[in-house]
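Thanks for coming, everyone. Please look at the structure on the screen, and I will walk you through it.

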Amino acid sequence: MTTLCQQDFYNVNKQLIRCLVDSKYIVFLTMIFVLNKNSTIANVFLAELRDANIQQDRQRFRYNQERLGEILAYEISKTFKYTAKDVQTPLGIASVNLPDSQPVLGTILRAGLPFHQGFMRFFDQSSSVFATAYRKVRKNGAFIINVDHISTPDLEGKTLIMCDTMLATGQSMVQVCKELMAQYTIKELHIAAIIASAEGIEHVKANLPKAKLWFCAIDEEMTSKAYIVPGLGDAGDLAFGEKVL
C-alpha cells in the first residue's frame, strides 16, 4: 500500500484547489463552496467590491459586503438540522421546518465587521465572537500573527461560523480558531470569506481539516506583502478609512 508523505498530501490538496478555481461547474469539493462558480446576482456585488472606482464609495463597499454575507448565510443554513414546528396564524396552524439551534457568529476586527453584519441579519438571534489579530513584522520582512484579544460566548457543543472579508495567508483565521478550539469542543466549524487565496485555503485545510469553507471567489496569487491578487485592496481601509496606527 502506498502512503502519501506530508508534502505529497499538500501537492494533492493544491491540485484539488486548482481544479476548483478552474472549473466552471464544480461547486463542492473537499467541503469547499465557491459562490461565483454559478452565475447569479451575487457576481454584481462582488464585481462592485473589486472595482477600484466604485469601491471608493465606503457606504456601498460596506453594503456589498453585507449582501454577500447574507447570501453565504443562506447557503450555510441549508446544511443545518431542522424540525417541523407548528405556528399559529390568524386563520389556523401552519407547519414550518425551523432550525434546531442558532449558530455562533465570529469575525476578526476590523475588516470583517460589514461581512459579519450580513450574517447577523439572517442569524439574528445568534451570539458573536470578536477577535483582534494583527501582523507583527520582523526585520527580514517576514511576519507572525499576534492574536491580541478574543471576546466569546460559551461555544461548548455549538456550531461556529467564523467570517472575514479576506482569507489571504489564512494564518489569522487558523490561530483564532485554534485558540477557541483549545477552550471549547465546537460541534461544527464553518469558515467564510468573500475572497480567499489558494495558498490561504491550503493553510486552513492543513490546520483545520474538519472546517467547512465558504467563499465568494478564489484568487490564485498574493503579493510579497500577502495581499491577494487581483483581490480588492485593503478591505479595512476601504470600509473604515486608512489607518495610521
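Let's start with one residue. Glu66 sits in helix 3. Remember that this is a predicted model. Is Glu66 buried or exposed? Its relative accessibility is 14%, so it counts as buried, because the limit is under 20%. What does Glu66 touch, beyond residues up to four places away in sequence? The answer is Pro114, Gln117, Gly118 and Arg121.

Keep Arg121 in mind. Arg121 forms a salt bridge with Glu70. The closest N and O atoms of that pair are 3.5 Å apart. Arg121 itself is partly exposed, at 39% relative accessible area.

Now the wider view. The protein chain has seven helices and 12 strands. It has 245 residues, and 43% of them count as buried. Take the contacts with a separation of 6 or more: 61% of them are between residues 24 or more positions apart. The accessible surface is about 13500 Å². Carbon and sulfur atoms hold 52% of that surface.

Next, the inside. The largest nonpolar core has 32 residues. Leu68, Leu72, Phe119, Ile194 and Leu232 have the most contacts inside it. Which element gives the largest share of this core? Helix 3 does, with five residues. Let's look at Leu232. Leave aside its neighbours within four places in sequence. Leu232 then contacts Leu49, Arg50, Gln55, Phe61, Met166, Ile195 and Leu238. There is also a second, separate core, of 30 residues. Ile145, Leu155, Leu160 and Ile218 are among them.

What about cysteines? A disulfide is a covalent bond between the sulfur atoms of two cysteines.

The whole structure has nine salt bridges. One of them joins Asp237 and Arg110, with the closest N and O atoms 2.5 Å apart. Where are the two partners? Asp237 is in helix 7, and Arg110 is in the loop between strand 5 and helix 4. They are 127 residues apart, so this pair links distant parts of the chain. Arg110 is partly exposed, at 27% relative accessibility. Salt bridges with shared partners join Arg110, Asp234, Asp237 and Lys243 into one network. Another salt bridge pairs Glu75 with Lys78, and here the closest N and O atoms are 3.1 Å apart. Glu75 is buried, at 16% relative accessible area.

Now a loop. Thr152 lies between strand 7 and strand 8. Thr152 is partly exposed, with 30% relative accessibility. How far apart in space are Thr152 and Leu180? They are 8.5 Å apart, C-alpha to C-alpha, and 28 residues apart in sequence. Beyond its neighbours within four places, Thr152 contacts Ser128, Val129, Leu180 and Tyr184.

Last stop, the surface. Val87, Val96 and Leu98 make a nonpolar patch of about 180 Å². Val87 belongs to strand 3. Val87 has a relative accessible area of 34%, so it is partly exposed. Patch residues need over 30%, so Val87 passes that cut-off.

That's the tour. Thank you.

Notes
Residues numbered from 1 in each chain as written. Predicted model: local features only at pLDDT ≥ 70, side-chain atom pairs only at ≥ 80, totals over all residues. Heavy atoms only, no water. Patch = residues over 30% accessible without salt bridge, like charges linked within 9 Å, V, L, I, M, F, W, Y side chains within 5 Å. Areas by Shrake-Rupley, 256 points an atom, 1.4 Å probe, with all protein chains shown as cover. Salt bridge = Lys/Arg side-chain N within 4 Å of Asp/Glu carboxyl O. Helix = DSSP H or I, 4+ residues; strand = E, 2+ residues; numbered from the N terminus. Buried < 20%, exposed > 50% of the residue type's maximum accessible area, 1.4 Å probe, protein only. Core = buried A, V, L, I, M, F, W, Y, C linked by side-chain atoms within 4.5 Å. Contact = heavy atoms within 4.5 Å.
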